[in-house]
Amino acid sequence: MSYEYELLALAIFLYLYDAMVLLYANEAILSCDSHHVWHASTGWNGFIVAGRRVCLLNPLTMYRPCVRLCWNLYAPERADADQSWSEDVPKLRSAAPFTVTAAVALFLLLPLGLFTRLGAHLVLGSVALLYGSILLALLFLRWRCSFRARTGLGFAGLIFECLACPPFGVNLIRRVALTIQVKEPLLLAAARLLPACEWDALRAHCVATLEQELWRLEESSPRRKAIEEQRARLDAWIRQR
């Protein structure tokens with residue numbers, strides 16, 4: 001296999017690796033699309049790594065910001081958490097033109113230059129477009145989106161990561177969004193943001209998680225009562241908007 005194929009395969013592997021998230025049983029990913037509609041991802045139940053589910057984010061929607069949220073298996077959720085994150089996170093999508101351009105340069109134009117007669121000129125142009133788009137996306141997020149997840153040396157480190165490994169730069173919006181710490185519990189945020197069908201599916205997933213936890217616990221475990229009460233609350237949950 002020639003180095004061109006190896007280079008492209010490595011770029012695809014690194015991009016998919018960076019689009020993968022490991023989730024604990026009480027975690028899920030909420031992502032916001034271009035129509036400001038929220039979606040939930042809970043990962044693959046049958047694919048466990050180090051006790052966590054593997055969640056592969058859609059490789060074709062690198063422009064959707066997404067955040068990790070968690071919920072309490074043993075107690076009611078508190079409703080006093082800050083909800084402003086759901087207005088701030090979608091602002092990261094404003095850098096989408098740059099990251100999409102970087103994706104086109106990396107996965108379309110660069111292979112065309114490597115595997116066709118278009119040759120070196122297209123390769124050089126693709127590389128310049130790729131790195132220029134990533135750098136503009138970084139500067140745009142820093143300037144326009146009040147990006148505070150990393151400051152100082154942390155932001156310099158992010159610049160180095162994205163320029164040293166361009167597939168990480170293509171995934172920049174999700175990479176940045178996933179560093180945001182959301183205090184609002186998953187169930188309250190999901191009931192507030194998700195469409196009805198997705199909320200019902202997420203609630204069913206949470207009920208199944210509680211049932212699995214009950215199956216693991218011994219009959220004498222003090223946690224059984226708390227989990228059973230939480231399951232009853234989920235079964236009777238009334239959707240609030």
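Guide: The structure, a predicted model, holds 7 salt bridges, a salt bridge being a side-chain nitrogen of Lys or Arg within 4 Å of a carboxyl oxygen of Asp or Glu. Because this is a predicted model, local features need pLDDT of at least 70 and side-chain atom pairs count only at pLDDT 80 or more, while totals for chains, interfaces and linings use all residues. Residues are numbered from 1 along each chain as its sequence is written, and side-chain values use heavy atoms, with hydrogens and water left out.

Let us begin with E161 and R175, whose side chains meet in a salt bridge at 2.8 Å, N to O. This pair links distant parts of the chain: E161 sits in helix 5 (residues 153–164) and R175 in helix 7 (residues 172–177), 14 residues apart. Helices here are DSSP runs of H or I with at least four residues, strands are runs of E with at least two, and both are numbered from the N terminus. E161 is partly exposed, with a relative accessible area of 28%, whereas R175 counts as buried at 17%. For these words, buried means under 20% relative accessible area, exposed over 50%, and partly exposed in between, with a 1.4 Å probe and protein chains only. D18 joins in as well: D18, E161 and R175 are linked in a network of salt bridges.

Two further salt bridges each stay inside one helix. R203 pairs with D200, the closest N and O atoms being 3.5 Å apart; both lie in helix 9 (residues 196–216), 3 residues apart, about one turn of the helix. D200 is partly exposed, at 39% relative accessible area. In the other, R224 forms a salt bridge with E228, with 3.9 Å between the closest N and O atoms. R224 and E228 are separated by about one helical turn, because they are 4 residues apart in helix 10 (residues 223–235). R224 is buried, with a relative accessible area of 13%, and E228 is partly exposed at 36%.

L30 stands opposite A40 in strand 3. In the hairpin of these strands, which has 5 residues between them, H36 takes a positive phi near 60 degrees. S31 is placed in strand 2 (residues 27–32) and counts as buried at 9% relative accessibility. Leaving out residues up to four places away in sequence, S31 touches V37, W38, H39, R64, P65 and C66, contact meaning heavy atoms within 4.5 Å. With its neighbours within four places set aside, W38 has contacts including L30, S31, W85, L193 and E198.

Terms used. Two strands pair if DSSP finds at least two bridges between them.
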